[in-house]
Amino acid sequence: MTESGNIMGNSKSIKVKDVYEDNQELIDLKMVAGFNGLDREVRSSYINRPAFVLTGYTEHFPAYSLQVLGNREMNYLKKLKKKEREKAIDRLLSFSIPCIIITRGYQPFDYLKKECNRLDIPLFTAPGNTHNIQKTLHFYLEDKLAPEEIIHGTLVDVYGIGLLFTGVSGIGKSETALDLVARGHRLVADDVVRVKRRGNILIGEGVEPSEIFKHHMEIRGIGIVNIGFLYGIRALRLHKRVEVIVNLREWNAEVDYTRTGLETRLTNILGIDLPLVEIPLVPGKNIATLCELVAMNHILKEMGIDTAKILNSELIKLMKKQAKKITRLEEDQE
């Protein structure tokens with residue numbers, strides 16, 4: 001985790017082959033041309049319908065986006081004369097687009113298939129509604145192309161609040177998470193957390209390459225345990241919004257830890273500021289209880305109830321009243 005975050009959204013891409021394989025059954029994709037172009041890359045989650053380009057307007061065209069031809073585009077092309085239709089298709093294919101999907105069960109024009117084969121531009125058909133296909137692919141690409149950062153830490157859902165525990169190796173992140181799970185909270189990921197930015201929120205998940213590695217935890221002195229086997233499905237979550245960073249650190253008498261909670265410390269991940277709570281560790285301190293307190297206090301703040309600020313405000317009012325009393329007593333000369 002860095003103070004400035006590590007935004008990689010502009011450089012991320014996904015191959016058309018992966019888009020096809022991951023969504024083939026979901027939206028019934030069928031490949032009909034451009035079979036040698038599956039290594040082309042999609043660089044944007046925006047799904048474009050190239051009606052403007054087909055009619056002749058080519059400025060600001062999102063060439064890195066997946067192109068969808070729906071009812072509007074196909075009917076427009078059908079109404080054109082052969083030469084005009086071929087000219088419109090050539091105009092679209094003159095850009096280095098990743099692929100084309102024709103929806104609503106329309107069959108591609110022979111000229112479009114021939115040119116896609118010649119230029120190695122993958123061409124697919126799908127029988128579904130254009131809007132539904134666009135929405136499905138947009139959410140898929142938004143997840144795959146989201147800016148992300150890999151963080152050494154542990155993510156736990158505590159009372160519905162995603163607490164991301166950080167700290168040096170061996171400080172007790174996994175043990176704290178295990179204690180919270182035993183209290184009925186839910187583990188998302190241990191040791192390594194992938195954090196993705198979606199809009200203005202951060203979503204955390206595990207980075208395990210296979211299902212068999214998920215929800216395992218290494219406890220020093222005991223070994224590797226499977227949280228799902230021990231505590232059941234109720235103790236697990238696949239992903240969770242990250243809302244508070246809890247940094248576990250060794251007690252240092254020279255550090256001035258917050259005593260009132262009036263100061264809100266922030267840390268930045270992928271361009272988003274998150275509350276940072278530092279918990280100094282000393283023998284006998286119940287860390288799990290403190291973490292539950294952090295989650296509940298965050299819920300209160302989200303509801304507009306900041307206990308520290310309310311108490312501070314009341315104390316200031318009380319001191320002002322006391323000051324007025326003292327002033328009146330000093331002015332009384334009899």
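View 1. The lining of the largest cavity splits into eight nonpolar, no polar and no charged residues (nonpolar is Ala, Val, Leu, Ile, Met, Phe, Trp, Tyr, Cys and Pro; charged is Asp, Glu, Lys and Arg; the others, Gly among them, are polar). This is a predicted model, where local features need pLDDT of at least 70, side-chain atom pairs count only at pLDDT 80 or more, and totals for chains, interfaces and linings use all residues. Residues are numbered from 1 along each chain as its sequence is written, and side-chain values use heavy atoms, with hydrogens and water left out. Lining the largest cavity are Val16, Val19, Tyr20, Leu29, Leu66, Cys99, Ile101 and Phe124. Helix H1 (residues 16–23) gives the most to that lining, with three residues. The volume is about 30 Å³, and the count comes to one cavity of 30 Å³ or more. On a 1 Å grid over the protein atoms alone, a cavity is a set of points where a 1.4 Å probe fits but cannot get out, while a pocket is an open set with protein on both sides within 12 Å along at least five of seven lines; lining residues have an atom within 4 Å of a point. Points are joined across faces, edges and corners, and a volume is the space filled by probe spheres set on the points.

**View 2. The whole chain, for context.** The chain has ten helices and 19 strands (DSSP runs numbered from the N terminus: H or I of at least four residues for helices, E of at least two for strands). Its radius of gyration is 28 Å, well over the 20 Å that the globule rule gives for 334 residues, so the chain is more spread out than a compact globule (C-alpha atoms are used, and the rule is 2.2 Å times the number of residues to the power 0.38). Along the principal axes, the C-alpha atoms fill a box of roughly 105 × 65 × 30 Å. Of the 334 residues, 43% count as buried (under 20% relative accessible area with a 1.4 Å probe, protein chains only; exposed is over 50%, partly exposed in between).

**View 3. The largest pocket.** Here you get about 1,100 Å³ of space. Of its 37 lining residues, Thr258, Leu276, Val277, Asn297 and Lys301 are the closest to the centre. Elements giving two or more residues to the lining are E13, strand E19 (272–281), helix H9 (287–302) and helix H10 (307–331). E19 hands over the largest share, nine residues. By class, the lining has 17 nonpolar, eight polar and twelve charged residues.

View 4. Helix H7 (173–182) and E14 each supply at least two lining residues. The lining divides into five nonpolar, seven polar and seven charged. Asp191 sits in the loop between strand E11 (186–189) and strand E12 (192–198). Its phi is near 80°, a positive value in a residue other than glycine, and Asp191 is partly exposed at 40% relative accessible area.

**View 5. His215 in its loop.** His215 lies between strand E13 (201–205) and strand E14 (216–219). It isn't a glycine, yet has a positive phi of about 60°. Buried or exposed? At 11% relative accessibility, His215 counts as buried.
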